[in-house]
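Hello,

Here is the structure I promised to hand over. Please have a look at it first; my notes follow below.

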Amino acid sequence: MTISSVSQMTPTQVVNETNKLKTTPYEAQQSFANSLKEAISKVNDQQITSDNLTQKLINGGDVELHEVMIASQKASITLNATIEVRNKVIEAYQEIMRMSV
Amino acid sequence: MSIFHGMNTTASALTAQRLRMDVISSNMAGMDTTRAKQVNGQWEPYRRKTVTFTAQEGQFSKFFNAALGKNAKSGVGNGVKVTQIKEDTETPFKLVYDPTHPDANADGYVNMPNVDPLKEMVDLMSATRSYEANVTVLNANKSMLTKALEIGR
């Protein structure tokens, strides 16, 4: 591996790199909203799975009892995790709002 | 490797033990069945069934990540599955002397199923204990995850 000399890195190249890294506040907001939406939809998927399995069991379908129980526990854990994340986010927001200007 | 990997492994074990329990129920129920199925026009008595377990293979993505050197936890197992429900052809049928039975052969002997109730009861206890142990593991797994959510509360 040959090490390139420092003179090859021109100042214009360095400036172009930093321009690419800058994201607008709108983009940052969108990515946060999207990741939040994804997390909530995953929680919803778990709840829906648990609901469907319980329905199948009630209707006498071909589903194992322990699968229903495990699905409901997984949904409960995912929900609790999301609630904790929400608590932390709100706590951080309130911390920032408490800062005197 | 998700946080639910341990729970999925235990779920597969519970399913396998449940299936084993169903096979034991079938064996106990068919203990006196002299006419189970027709073979060459002759009625054959019920044959005892056995299950064989094998370790479940991981998904392809796990092997791929392990080959790339990414996943440190690729050595953890993936659970168990039932490969086959085999009929026990090695144990011979029990011969019981009963000339009045409709299925008695020329010498007055009846072929009874090769199901030993003692063996089935031991299998039943083993399957039950295994099921309970797996449920305990599942509960411990869940309580660990719940405890982890209490960090920083």
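Chain A has 3 helices and 0 strands. Read from the N terminus, its elements go α-α-α. Keep in mind that this is a predicted model. Of the 101 residues in chain A, 8% are buried.

Next, the contact between the chains. On the chain B side, 11 residues take part, and they meet 10 residues of chain A. Which elements of chain B give two or more residues to the side that touches chain A? They are H1 and helix H3 (117-148) of chain B. H1(B) gives the most, with 5 residues. Sorted by class, this side of chain B holds 7 nonpolar, 2 polar and 2 charged residues.

Now the helix pair to look at. Two packed helices are described by the angle between their axes and the distance between the axes. For H3(A) and H1(B), the axes come within 10 Å and cross at roughly 165°. H3(A) is therefore roughly antiparallel to H1(B), as angles over 145 degrees count as roughly antiparallel. The crossing of H3(A) past H1(B) is right-handed.

Which residues make this contact? From H3(A) come A:His66, A:Glu67, A:Ile70 and A:Lys74. From H1(B) come B:Met7, B:Ala11 and B:Leu14. By class, the residues of the contact of H3(A) with H1(B) are 4 nonpolar, 1 polar and 2 charged. Leaving aside residues up to four places away in sequence, B:Ala11 touches A:His66, A:Glu67 and A:Ile70.

Last, the core. The largest nonpolar core has 10 residues. Chain A contributes A:Leu53, A:Ile70, A:Ala71 and A:Ala75. Chain B contributes B:Met7, B:Ala11, B:Ala13, B:Leu14, B:Ala16 and B:Leu138. Helix H3 (65-98) of chain A and helix H1 (5-29) of chain B each supply at least two residues of this core. Where does the largest share come from? It comes from H1(B), with 5 residues.

If you open one view, start with H3(A) and H1(B), whose axes come within 10 Å.

Best wishes

Key. Residues are numbered from 1 along each chain as its sequence is written. Chains are lettered from A and ligands numbered from 1 in the order in which they are written. This is a predicted model: local features need pLDDT of at least 70, side-chain atom pairs count only at pLDDT 80 or more; totals for chains, interfaces and linings use all residues. A nonpolar core is a set of buried Ala, Val, Leu, Ile, Met, Phe, Trp, Tyr and Cys residues joined through C-beta atoms within 7 Å. A residue is buried if 20 or more other C-beta atoms lie within 10 Å of its own, exposed if 12 or fewer, and partly exposed in between; C-beta atoms are placed from the backbone. Helices (H or I, at least four residues) and strands (E, at least two) are DSSP runs, numbered from the N terminus. Two residues are in contact if their C-beta atoms, placed from the backbone, lie within 7 Å. Axes are lines fitted to C-alpha atoms, for helices over the stretch in contact, and angles run from 0 to 180 degrees between N-to-C directions. Angles under 35 degrees count as roughly parallel, over 145 as roughly antiparallel, 65 to 115 as roughly perpendicular and the rest as oblique. A crossing is left-handed if the near helix is turned anticlockwise from the far one by less than a right angle, and right-handed if clockwise. Ala, Val, Leu, Ile, Met, Phe, Trp, Tyr, Cys and Pro count as nonpolar, Asp, Glu, Lys and Arg as charged, and the others, Gly among them, as polar.
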